[in-house]
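Morning, everyone. I'd like to walk you through one model, a few residues and helices at a time. Have a look at it first.

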Amino acid sequence: MFSKKILVLGGDGFCGWPTALHLSESGYDVTILDNLSRRIIDLELGIRSLTPIQPIDIRIDTWEKVSGKRLGFKMLDIATDYQELADFLNELKPDVIVHFAEQRAAPYSMRGAKEKCYTVNNNISGTHNILAAIVSLGLDTHLVHLGTMGVYGYTGAGFQIPEGYLPIEVKNDAGEREPREILYPTRPGSIYHMTKSLDQLLFQFYAQNDGIRITDLHQGIVWGTQTEETRKDPYLVNRFDYDGEYGTVLNRFLVEASIGHPLTVHGTGGQTRAFIHIQDTVRCIRLAIDNPPKHGDRVEILNQVTETLRVRELAKMVSEISGVDIQNVTNPRNESDENDLDVSNAGFLSLGLEPITLDAGLLDETIELSTLYRDRIDMRKIPACTAWNQDRAEVLNDASRSDDV
């Protein structure tokens, strides 16, 4: 039986690692390519995953031991080493490239000029190098990219956000209305989200100009840590980021709950966000791989979400499970206090996804994980301190001075 060769870029990361294991378990021939930059950023920030992450070689050896399947590995920076990337792709000739290899944190991308430049240079150059290499080598490779719901913005549209394309009408020269579809107008809320918006334009060009088959997945906030595969051995455990730069809002709440700290809600907590469990993330990637667009198709855009909730609703859920109080704190982000978010996820539902939704059982599992490794929690790293602009920085400083009084 033919086994697709799959190259997972960023396969050592939070989404990439469980995806690589899931695809390997599903029978694909999987190779990971990573420059291990996420581990380096941990050192830079003086933080570590709540769960202890083994070196990549031990991870790979452990997976072979428990599954009987071997993952390939290549250490390479796709943003800076184009020729080495092209040479490796020419050697491997992957049927599918799964692209996670981007700096993924909005707060980190807003820390300062250095981090802004790094995020743009890394994300945009990396994406373009992949596309240019596929064309230059004449590869028939399906590119599956992990995007973000953040390209749509969080101001509330007043209607259900479609999957990537917005139907409109325009008047022609005769004054008659003609239907059209355009890329949904982006409204990125950070430098990170902006790079994902720019990715869309690169994909649009290479799909229409060179016929590359591309699937772009606009993913919501991922919750949970473990998947069926990462549970097989402690050395396979996935990352659990809880700090103010990389930790998602739910992970932060769950860590605070595990040590009895009030749940810190930014502003009113009226921000509505889209969520998806990490197990559904890996399932969606496999569904996208198994259902590629045809040659000549436009970019296939799917919303990779399962439900939407306001942050305060999320905090209330965790509070009721844990008994921990809720504390409203100053919001460092430049965003509306309240917003609605109605998102279509019809694409993945039609492909057979049976969504995992937030419930007490799965939250309990993550709280237990937080409690197990509570000695690794650094309380100083939990607050989100990166301000989106000077106005927000002044508000944060004023709030800090008030707390000190």
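Let's start with a single residue. His266 has 14% relative accessibility, so it counts as buried. Buried means under 20% relative accessible area, exposed means over 50%, and partly exposed is in between, with a 1.4 Å probe and protein chains only. Before I go on, some ground rules. This is a predicted model, where local features need pLDDT of at least 70, side-chain atom pairs count only at pLDDT 80 or more, and totals for chains, interfaces and linings use all residues. Residues are numbered from 1 along each chain as its sequence is written, and side-chain values use heavy atoms, with hydrogens and water left out.

Back to His266. His266 sits in strand β10, residues 263-266. Strands here are DSSP runs of E, at least two residues, and helices are runs of H or I, at least four, numbered from the N terminus. What does His266 touch, leaving aside its neighbours within four places in sequence? Arg252, Gln271, Val329, Thr330, Asn331, Pro332 and Ala384. Contact means heavy atoms within 4.5 Å.

Next, Ile367. Ile367 lies in helix α12, residues 360-372. Ile367 is buried too, with a relative accessible area of 14%. Not counting residues up to four places away in sequence, Ile367 touches Leu254, Ser258 and Ile321. Gly224 is 143 residues away along the chain, yet its C-alpha is 9.7 Å from that of Ile367.

Now helix pairs. Two packed helices are described by the angle between their axes and the distance between the axes. Axes are lines fitted to C-alpha atoms, for helices over the stretch in contact, and angles run from 0 to 180 degrees between N-to-C directions.

Take α8, residues 249-258, and α10, residues 311-322. Their axes come within 10 Å and cross at roughly 25°. So α8 and α10 are roughly parallel to each other. The cut-offs: under 35 degrees is roughly parallel, over 145 roughly antiparallel, 65 to 115 roughly perpendicular, and the rest oblique. On the α8 side, the contact uses Val249, Leu250, Phe253, Leu254 and Ala257; on the α10 side, Val311, Leu314, Ala315, Val318 and Ser322. How do these contact residues of α8 and α10 divide? There are 9 nonpolar, 1 polar and no charged. Ala, Val, Leu, Ile, Met, Phe, Trp, Tyr, Cys and Pro count as nonpolar, Asp, Glu, Lys and Arg as charged, and the others, Gly among them, as polar.

The contact of α6 with α7 has 12 nonpolar, 5 polar and 3 charged residues.

Stay on α6 for Asn121. Asn121 counts as partly exposed, because its relative accessibility is 47%. Asn121 touches Ala79 and Gly126, not counting residues up to four places away in sequence.

Last stop, α2, residues 37-45. Ser37, Arg38, Ile41, Asp42 and Leu45 are buried there. They cover an arc of only 155° around the axis, so they are on the same side of α2. That arc is taken from the directions from the helix axis to the C-beta atoms. What covers them includes β2 (29-34), α5 (106-109) and α6. The face turned away carries exposed Ile40 and Leu43. After α2 comes Gly46, with a positive phi near 65°.
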